[in-house]
Amino acid sequence: MKRTPHLLAIQSHVVFGHAGNSAAVFPMQRVGVNVWPLNTVQFSNHTQYGQWAGEVLAPHRIPELVEGIAAIGELGNCDAVLSGYLGSAAQGRAILSGIERIKAANPKALYLCDPVMGHPEKGCSVPAEVSDFLLDEAAAVADFMCPNQLELDSFSGRKPQSLFDCLAMARALLARGPKAVLVKHLDYPGKPADGFEMLLVTAEGSWHLRRPLLAFPRQPVGVGDLTSGLFLARVLLGDSLVAAFEFTAAAVHEVLLETQACASYELQLVRAQDRIAHPRVKFEATPISL
Ligand SMILES: Nc1ncnc2c1ncn2[C@@H]1O[C@H](COP(=O)(O)OP(=O)(O)O)[C@@H](O)[C@H]1O
Ligand SMILES: Cc1ncc(COP(=O)(O)O)c(C=O)c1O
Ligand SMILES: [Mg+2]
């Protein structure tokens, strides 16, 4: 029987609704991965509500928890680590020290870094030390990086002028070390208004994918976290990077369709669970080059 992969997911937890681990853990489990959630914050709700209660995990707790798993002899079973929103560069460095420990126990373990920087226009952004940490330190260790356009712009220090410019920016990030860069959400002058576009860039090639853009009265939160989590889960389950990319686009689209149908602000993960596991839609990734 094929072994079920294990994945350590280090990001936020919200008690109500879906963001961070609260957006990614259940979908990753639903597609067939054992998830070890390590919650960097526990908030009542995601921060786009403008108010929340809760607390942040002190950075030194992260290596402590990893060490606890090592102490029961399970760390070598960790096949991958996912990291999301970081409260500080110190928290990021604590995650990297945990990853070093995991890679020592299992050299094949993969690391996906979602370089969450928030949406400046939604009043949510991270300190400059965090974006510097992501570019200068995390990119060198990460196997996969999954920025959205704003995050890619921040890494590049500029906005793109075209789709090919986005590709050049993603390739510049790839050159810093990751095996693949997945741009979860493209935006560039001339992008067709009715589409939602993504990009996958590896040393072997690059692929572009378009799916329909859905209208929401208020943009849902946690979509990026869902995207990164499903991509890594499918890679662990044996998909090629392109297959994992196409699967992720389809499964996330299914969640958004259900969310839209329910007129819900929060992602409808439970209602969409069968379609997360078996999306009815398929979007093809097409090769693209400079
Ligand atoms: N097909 C779609 N139609 C409309 N909006 C979408 C679609 N797919 C994703 N979105 C929205 O686009 C935004 C950007 O998502 P993305 O950049 O991938 O991640 P993040 O959630 O990290 O910002 C999100 O607010 C999401 O709700
Ligand atoms: C607690 C928390 N974690 C993570 C996120 C990131 O969510 P997204 O996937 O939309 O970038 C947010 C966004 O507001 C949040 O409030
Ligand atoms: Mg995000």
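Student: Which residues come nearest to ligand 1?

Tutor: Asn148, Lys184, His185, Leu214 and Gly224 come nearest, out of 14 residues around ligand 1. Keep in mind that this is a predicted model.

Student: What makes a residue count as near a molecule?

Tutor: Its C-beta atom, placed from the backbone, must lie within 6 Å of the molecule. The 14 residues around ligand 1 include Asn148 and Gly224.

Student: How do the residues of the shell around ligand 1 divide by class?

Tutor: Six are nonpolar, six are polar and two are charged. Gly counts as polar here.

Student: Which helix gives the most to the shell around ligand 1?

Tutor: Helix 7 does, with three residues. Helix 7 (223-236) and helix 8 (241-261) each supply at least two.

Student: What surrounds ligand 2?

Tutor: There are 16 residues, and the closest are Ser12, Gly20, His46, Thr47 and Gly224. Helix 7 gives the most to this shell, with three residues. Strand 1 and helix 7 each supply at least two. By class, the shell has eight nonpolar, seven polar and one charged residues.

Student: Now the sheet. In what order do its strands lie?

Tutor: The order is 3-2-1-4-5-6-7-8-9-10. These 10 strands form an open sheet with mixed pairing.

Student: Why are strand 3 and strand 10 said to stand at the edges?

Tutor: Strand 3 (54-56) and strand 10 (286-288) each have a single partner strand, so one side of each is left without a neighbour in the sheet.

Student: Which helix packs on the sheet, touching strand 4?

Tutor: Helix 3 (residues 89-105) does. Helix 3 also touches strand 1, strand 2 and strand 5. Its direction makes about 175° with that of strand 4.

Student: How do you know that strand 6 and strand 7 pair?

Tutor: Count the bridges. A pair needs at least two. Two bridges join strand 6 (residues 144-145) to strand 7 (residues 180-183), so the pair qualifies. These strands run parallel. Phe144 has Ala180 as its bridge partner in strand 7.

Student: What makes strand 8 and strand 9 a pair?

Tutor: Seven bridges link strand 8 (residues 195-202) to strand 9 (residues 206-212), in the antiparallel sense. The cut-off is at least two, so they count as paired. Glu197 has Arg210 as its bridge partner in strand 9. The two strands form a hairpin with three residues between them.

Student: How many bridges pair strand 9 with strand 10?

Tutor: Three, in the antiparallel sense. With at least two required, this is a pair. The bridge partner of His208 in strand 10 is Thr286.

Key. Residues are numbered from 1 along each chain as its sequence is written. Chains are lettered from A and ligands numbered from 1 in the order in which they are written. This is a predicted model: local features need pLDDT of at least 70, side-chain atom pairs count only at pLDDT 80 or more; totals for chains, interfaces and linings use all residues. Helices (H or I, at least four residues) and strands (E, at least two) are DSSP runs, numbered from the N terminus. Two residues are in contact if their C-beta atoms, placed from the backbone, lie within 7 Å. Axes are lines fitted to C-alpha atoms, for helices over the stretch in contact, and angles run from 0 to 180 degrees between N-to-C directions.
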